[in-house]
Amino acid sequence: MENNYHYKNFIDEEIRQELKDYGLDPNQKDFILDPKYSSFKSKFISTPYGVVSVDYYIQRNWFNQEEANKIKQGNFEIGVKKNPSRLSVLALCEEIQTEEYKAGVLHNTDADILENIRMKIEGTPSGLKPKLKNTLKFDLSKFGSDQQYSVLKLLKLLYKYEKFKGEKINIIGILSRPSLEYVDKSIIGMDSKYGEVIAEIKYEIRKEVGDRFALEVEDLVFNIISDWNGILTSIRRISSFSMPSEDKLKELIRIKNQFRKVLERLSSENSIDEQYQESLMEAFYLKIGQLLQTARLIDIDRVTKFIRESKITKELLQNENGLVVGVNDVVIEDLNLYFKKNDEYLSRLVYKKDLTTDKERIFIQKNLKTVKKMLNIYNKQTTSPQALTESFLISCLQEIILANLLKNGDDEFEFENPFYNARPKKRTLTSVLKRISKSENTEEIYELIWIAKIKRRIHANLGTLKEHLCTLEIGECINALIRQLITIPKIEVMKYLHGFLISQVILTENQTICQYAEEFVKEVEMKT
């Protein structure tokens, strides 16, 4: 307890000083209303209750409910608990109109202005309420009258964020197109197009649900993904078994088919009634948490499909002479020294020929720094650290060489990242490579593509590409299963369904998860 006390004092002093640096007075409680304070909604700190925005920390620790109610004038603000005389969309619209008029956003308070606000909130089909239902599958009418106050607070929050830092944005449209570009990664120094605004909304909602529920959601979603990824890791180990390649591939195909049967059965089963959390704010916080994780899974599957269906992958499968033989996988401590001593040997392995030119060796030498940077990205994106070995070095260099040989129209020459409102323009993988070599930020999905290319090449060189591609397909099945689990709108159902499925995954010749499909449906109905 004493350590937490000292930690809080230290954090408080750091935040107070930073507020002063922004020209804000931390001793005047209304500093949170100053436009300069908005920056603190997208700054993050690590706390005993997880990583949170500085704004969340301040309002959690520095304000009691009475102070929050007094400083925030509106009846329908996040974080306030008032007793409005009217709980209606009209009352909400009037509050928004009054606030926007005072702020100079509106120049009058005419009835037609009020109607415009109402249409933005509940007008069909482009109002917030119908878009939540039809686009995001989040139906506000499913919640009881006791949640009406929360409904109005959520609508006001989303209305305010339809304009973010002077830019008009479609919050529901963004959330309905899962992409890594709306996952905030600023805490690890990475950019994303919509990560900041989605993170702000998430922490605003957390003010309503509290830490216990927020941590329960994050832990559950994390554990679901971790458990299934653990199963996938076990399956991948089959590639390293000391048994004939044909037998390993046969076992992987059998496992893949089992997962497909499970998915088909789960997809066709409609007997489990979907119910929301009783609390609207908890339900929406859960929805945001689920969407953020779904975004990563969907983009990973897009990358997997891009590589798995590539003509280059098919060529590598057919080219039996393309395997690199005699590779020593001892860790390379000093890459420049290694190249100086082994330049001809390495060049022969990379180019797969007995004689290489000075130009080819110079190209390899120029790209050694890029290999190091690619290894850093590789280890940032994977759970099992990869050392700098000959296998990684050769495979990475071969993919760099390949990328520079490809031309417009070739498979893997370019890739389009179609996140919400993205420019319909494909980016070449060589342009991404240049950004990586200069340590410049790039869209995360392009990093994932380069990692997938290197992994494919490593397996092609080792002669295990067929097995690798089969495990990629199994990974797609597992991701689809995870997505079904983490889109269930009630936490108890999600928790039970995950636990049941995990307990039944016995991948042997005689017993599989498919045998439990009927039992699964009955048990979920009984337990929930």
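**View 1. E443 and its partner R427.** E443 has a relative accessibility of 17%, so it counts as buried, the cut-off being under 20%. In this predicted model, the E443 side chain meets that of R427 in a salt bridge, 3.8 Å from N to O. The pair ties together distant parts of the chain: E443 sits in the loop between α18 (429-437) and α19, while R427 belongs to strand β6 (residues 427-428), 16 residues apart. R427 is partly exposed, at 28% relative accessible area.

**View 2. E399 meets R456.** Here's a salt bridge with an N to O distance of 3.3 Å, formed by the side chains of E399 and R456. It links distant parts of the chain, with E399 in helix α17 (residues 390-405) and R456 in helix α19, 57 residues apart. E399 is buried at 0% relative accessibility, and R456 is buried with a relative accessible area of 0%.

**View 3. R457 and its surroundings.** R457 is part of helix α19 (residues 444-462). It's buried, at 7% relative accessible area. Leaving aside residues up to four places away in sequence, R457 touches L316, K352, S395, Q398, E399 and L402.

View 4. R302 is partly exposed at 23% relative accessibility, whereas D299 is buried at 1%.

**View 5. A salt-bridge network.** R60, K202, R206, D211 and E218 are joined up in a network of salt bridges. The structure has 40 salt bridges in total.

How values were computed:
Residues are numbered from 1 along each chain as its sequence is written. This is a predicted model: local features need pLDDT of at least 70, side-chain atom pairs count only at pLDDT 80 or more; totals for chains, interfaces and linings use all residues. Side-chain values use heavy atoms; hydrogens and water are left out. Helices (H or I, at least four residues) and strands (E, at least two) are DSSP runs, numbered from the N terminus. Buried means under 20% relative accessible area, exposed over 50%, partly exposed in between (1.4 Å probe, protein chains only). Contact means heavy atoms within 4.5 Å. A salt bridge is a side-chain nitrogen of Lys or Arg within 4 Å of a carboxyl oxygen of Asp or Glu.
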